[in-house]
Number of protein chains: 2
Amino acid sequence: MKLYSYFRSSASYRVRIALALKELPYEYAAVHLLKGGGQQLSSAYRFVNPEGLVPTLQDDTHVLTQSLAIVEYLNELYPEPPLLPADPADRAYVRSVALQVACEIHPVNNLRVLQYLKQNFAVSEEQKTQWYRHWIDVGFGALESRLKDEARIGAFVFGATPTLADICLVPQVWNARRFKIPLDDFPTVVRVADNAMELEAFKQAEPSNQPDAE
Amino acid sequence: MKLYSYFRSSASYRVRIALALKELPYEYAAVHLLKGGGQQLSSAYRFVNPEGLVPTLQDDTHVLTQSLAIVEYLNELYPEPPLLPADPADRAYVRSVALQVACEIHPVNNLRVLQYLKQNFAVSEEQKTQWYRHWIDVGFGALESRLKDEARIGAFVFGATPTLADICLVPQVWNARRFKIPLDDFPTVVRVADNAMELEAFKQAEPSNQPDAE
């Protein structure tokens, strides 16, 4: 398998965690999101992924895009260790936490959105940081109020082993720290993410441990 | 089952389509996203869904949030008609198209983001429309280049019956039309969405057919 990835991309980070948890070897193909106006927008890369986004996972027969779809695919093909619980309502819980990150926080704070704000609305660096912080506060605030009273939480979002939810949560916490966003109001979110970051698979997948890390 | 919904919410619309395709009866609980500063932010509603977002689906024992997690749940509990193909790679394809809408287009154009732009960056109505159109152009552009050459496409995103992908695509096309965004550059996207809109279940789920339609 070949993974097109950028070390700092949260979506790439998610897939790297899933691959590491499943202990699946892969070739790392770096796609630099900033160099030359963004290598993800080059015609060579768009031939692989017309969306011009990372990650893309290529196996012998398929080209797969969108991190959550890739993780579900890996989980269906390589069921051990499971990244989703067995019960449908528990699966919905885990997926909904993953989607709270993937649909409510990450998209509004990703690189191309921040670039648009700067180029088209001439927002200052301070306004950009406020924007970033606002969506972290709203998103992690909602997650915190939900997780703190959740009976199914354990060391991880669901019980004692990491799932798709932790796979989404960890890169978002990593990113928030990179932007120096205070996380004191979200102790449950941080506790769970920190537990996951202690695991070898999550460490392997960390941005600073990638071949293209700067 | 009880569905907390707002007639114009794309995420609610997705779940309404899934419920209609599965022919599942439900009670409709309207949550007005604009009245009184947004009923979704009231403490009464946040008791049901701490995220303060619609939709929420309540059945006898569970409270479910995040539209895609709800649709997957319904599909696991009520397998007929299937909203995902049987083959893992095909499932990944369908899920990735759904996520291209749910993660790349919808979040940046939803109500609370547009409100933030207006309140904090003082963007004009024209700039707001440009922003909206930009993310439709980028998102539908990526989808169009992908779908036009896709062997698995038929009357719908995957073959001859609607899936999770069409469930996400239709509300986004409906919304783009509401904002009067030209869609001429996305003939495949529009063709597929229009085919789906012809189906009775998609009609039932349409915003103008909801009890809280204005």
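Predicted model: local features only at pLDDT ≥ 70, side-chain atom pairs only at ≥ 80, totals over all residues.
Figure 1. The peptide bond that joins A:V54 to A:P55 is cis, with omega about 0 degrees. Residues are numbered from 1 along each chain as its sequence is written, and chains are lettered from A and ligands numbered from 1 in the order in which they are written.

Figure 2. Most residues other than glycine have a negative phi, and most peptide bonds are trans. A:E23, in the loop between α1 and β2 (27–30) of chain A, has phi near 55 degrees, and this residue is exposed, with 11 other C-beta atoms within 10 Å. For B:Q66, in the loop between β4 (63–65) and α3 (67–77) of chain B, phi is near 70 degrees, and this residue counts as buried, with 29 C-beta neighbours inside 10 Å. A residue is called buried if 20 or more other C-beta atoms, placed from the backbone, lie within 10 Å of its own, exposed if 12 or fewer, and partly exposed in between.

Figure 3. B:V15 belongs to helix α1 (residues 10–21) of chain B and is buried, because 29 other C-beta atoms lie within 10 Å. Leaving aside neighbours within four places in sequence, B:V15 is in contact (C-beta atoms, placed from the backbone, within 7 Å) with B:L3, B:P55, B:L57, B:S67, B:I70 and B:V71. The C-alpha atoms of B:V15 and B:L3 are separated by 8.6 Å, although the two residues are 12 residues apart along the chain.

**Figure 4. The buried side of helix α8 of chain A.** In α8 (residues 187–197), the buried residues are A:V189, A:V192, A:A193 and A:A196. These residues lie on the same side of α8(A), because they cover an arc of only 95 degrees around the axis, the arc being that of the directions from the helix axis to the C-beta atoms. On the other side of α8(A), A:P187 and A:D194 are exposed. The elements that cover the buried residues of α8(A) include α6 (125–147), α7 (164–178) and α9 (200–205) of chain A. Leaving aside neighbours within four places in sequence, A:L169 is in contact with A:V101, A:V157, A:V189, A:V192 and A:A193.

**Figure 5. The contact between chain A and chain B.** This contact takes 36 residues from chain A and 36 residues from chain B. On the side of chain A that touches chain B, two or more residues come from each of β4 (63–65), α3, α4 (88–105), α5 (111–121) and α6 of chain A, and α4(A) gives the most, with 11 residues. The model scores ipTM 0.96 and pTM 0.97.

Key:
Contact = placed C-beta atoms within 7 Å. Helix = DSSP H or I, 4+ residues; strand = E, 2+ residues; numbered from the N terminus.
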